[in-house]
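Keep it brief and tied to computed values.

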Amino acid sequence: MTTQTAAFAVSKKSVLLPILACAVFGMAIVFVTGHVQADLLHDAAHDVRHATGFPCH
């Protein structure tokens, strides 16, 4: 019986890039939709901010 093992080398750069991209994208969604003039989109973002405890006023 033979077994095979796989070694994966994960660099810090390859881990940090998706985390930073998600953080920037999430912050953009919160801030951009919070300041948009469309009432429906603004109210939806406003309700989500209150639900998550994010200060808005």
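UniProt, in an unreviewed entry, lists residues 15–33 as "transmembrane region". UniProt positions follow the numbering used here, feature names are shortened, and annotations may be inferred rather than shown by experiment. In this predicted model, the span 15–33 is 100% helix and 0% strand. Its end C-alpha atoms lie 28 Å apart.

This is a predicted model, where local features need pLDDT of at least 70, side-chain atom pairs count only at pLDDT 80 or more, and totals for chains, interfaces and linings use all residues. Numbering runs from 1 along each chain as its sequence is written, and side-chain values use heavy atoms, with hydrogens and water left out.

**Overall form**

The protein has two helices and zero strands. Its radius of gyration is 20 Å, well over the 10 Å that the globule rule gives for 57 residues, so the protein is more spread out than a compact globule. That radius is taken over C-alpha atoms, and the rule is 2.2 Å times the number of residues to the power 0.38. Along the principal axes, the C-alpha atoms fill a box of roughly 65 × 25 × 20 Å. Helices (H or I, at least four residues) and strands (E, at least two) are DSSP runs, numbered from the N terminus.

**Surface**

The protein exposes about 5300 Å². Carbon and sulfur atoms supply 71% of that area. Areas come from the Shrake-Rupley method with a 1.4 Å probe; for residues, only the protein chains shown count as cover. Of the 57 residues, 9% count as buried. Buried means under 20% relative accessible area, exposed over 50%, and partly exposed in between (1.4 Å probe, protein chains only).

Which residues form a nonpolar patch on the surface? They are Val-10, Val-15, Leu-16, Ile-19 and Leu-20, with about 470 Å² of accessible area together. Patch members have over 30% relative accessible area and no salt bridge; like charges are joined within 9 Å, nonpolar side chains (Val, Leu, Ile, Met, Phe, Trp, Tyr) within 5 Å. A salt bridge is a side-chain nitrogen of Lys or Arg within 4 Å of a carboxyl oxygen of Asp or Glu.

**Residues in the helices**

Leu-16 sits in helix H1 (residues 12–35). Leu-16 counts as partly exposed because its relative accessibility is 48%. Val-32 is also placed in helix H1, and Val-32 is exposed at 54%.

Helix H2 (residues 39–52) holds Ala-45. Ala-45 is buried, at 11%. Arg-49 is in helix H2 and is buried, at 10%.

| Pair | Sequence separation | C-alpha distance |
|---|---|---|
| Ala-45 and His-35 | ten residues | 9.0 Å |
| Arg-49 and Phe-31 | 18 residues | 9.9 Å |
| Val-32 and Ser-11 | 21 residues | 32 Å |
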